[in-house]
Amino acid sequence: PEPTVYSVAVRAFRLLLRLFFRRIEVTGLENLPKEGGAVLVSWHPNGLVDPGLIFTQSPAQVIFGARHGLFKFPLLGWVMRGVGTVPIYRAIDQSALPPEERQKANAQSLDALAEAVAGGAWSCLFPEGDSHDSPYLLDLKTGAARFWYRARELSPKGSPEPVIVPVGLHYDAKRAFRSSVLVAFHPPLSIPDALRELPADADDDDRREACRAVTGIIDSSLREVVHATESWELHHLMHRARKLVRAERGHRAGSHLQRPGMVERTWAFARVWAAFYARRDTHPEQVVGLMDRVRDYDAD
């Protein structure tokens, strides 16, 4: 990407996001690698806003992969090319082409991204493939894992290995003007040695199996990072529980509470989320009873 176009695009997107959001909070910058390439992976709940936030809040330049159809929009396509975005040719978008041509086009795209990461750049992928409004992750594609393996293969000997960094995007009301958002960078994933170092004689089936295993690790991490729930009802009940606990603790301490920031909200929600899933396995009846009490309180 052209440095001038990139820096101008970052400033422009940052201004637009600052106009829309009342507050943008960022945590976990210390988790990002000081040297070497990185593959940032995130869920995708808010369309073009998601890459815009990662694009503007990352301390280093980020190269994105995006479905090639977006490049057809004149202004958007010009900006995407200017900042180095690489077109991704998804099978679902290229059904008219023979499978060999689709695979070749997609392999070339992934190689272009992988070469940049192998050279120490950062890239960002959304493994779900599509933006959505669900409180849970869609089924992840294996492209991020395949991309990571390819970047490892292309990395010069002796250079730092590319890492996979999960990113949490937390919106308090994603479509509401002057709402707040948190961008949380988490520690790089720990990939077992058995998956990091594939045998030299590994065949296609072995590689596919390894990619599925790494995708499973990414999936588990992102579910925890974004605090995925099975339904919006459960999600809202957890937030109500978070508010009740905070209000009660403030009352006991004699404190006059201010509106919490996104870091505090997300941290508190994470504690409720972790406790719920731990206790649901060990104390299912008590958890159902507690949910009913919170639901009744909320309805009252």
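Start with the second largest pocket: S6, H8 and H9 each supply at least two residues of its lining. H and S labels are DSSP runs numbered from the N terminus, helices being H or I with at least four residues and strands E with at least two. This is a predicted model, where local features need pLDDT of at least 70, side-chain atom pairs count only at pLDDT 80 or more, and totals for chains, interfaces and linings use all residues. Residues are numbered from 1 along each chain as its sequence is written, and side-chain values use heavy atoms, with hydrogens and water left out.

What is a pocket here? On a 1 Å grid over the protein atoms alone, a pocket is an open set of points where a 1.4 Å probe fits, with protein on both sides within 12 Å along at least five of seven lines; lining residues have an atom within 4 Å of a point. This one holds about 720 Å³ of space, a volume being the space filled by probe spheres set on the points, which are joined across faces, edges and corners. Its lining has 30 residues, and the closest to its centre are Tyr171, Asp172, His235, His239 and Arg265.

Which helix gives the most to this lining? H8 does, with eight residues. H8 covers residues 232-253, and its end C-alpha atoms are 32 Å apart. Buried residues of H8 include His235 and His239; buried means under 20% relative accessible area, with a 1.4 Å probe and protein chains only. The buried residues of H8 pack against H9 (262-282) and H10 (284-299), contact meaning heavy atoms within 4.5 Å. Glycine 254 follows H8, with a positive phi near 70 degrees.

Now the strand, S6, residues 163-171. Eight of its nine residues are buried, so S6 is largely enclosed by the rest of the structure. S6 pairs with S2 (residues 38-42) in the parallel sense over five bridges; strands pair if DSSP finds at least two bridges between them. S6 and S7 (residues 180-185) run antiparallel, also joined by five bridges. There, tyrosine 171 has valine 181 as its bridge partner.

Last, the whole sheet. Seven strands form an open, mixed sheet, in the order S1-S7-S6-S2-S5-S3-S4. S1 (23-27) and S4 (86-88) stand at the edges with a single partner strand each, so one side of each has no neighbour in the sheet.

Notes
The expected span of a helix is 1.5 Å times one less than its number of residues. Buried means under 20% relative accessible area, exposed over 50%, partly exposed in between (1.4 Å probe, protein chains only).
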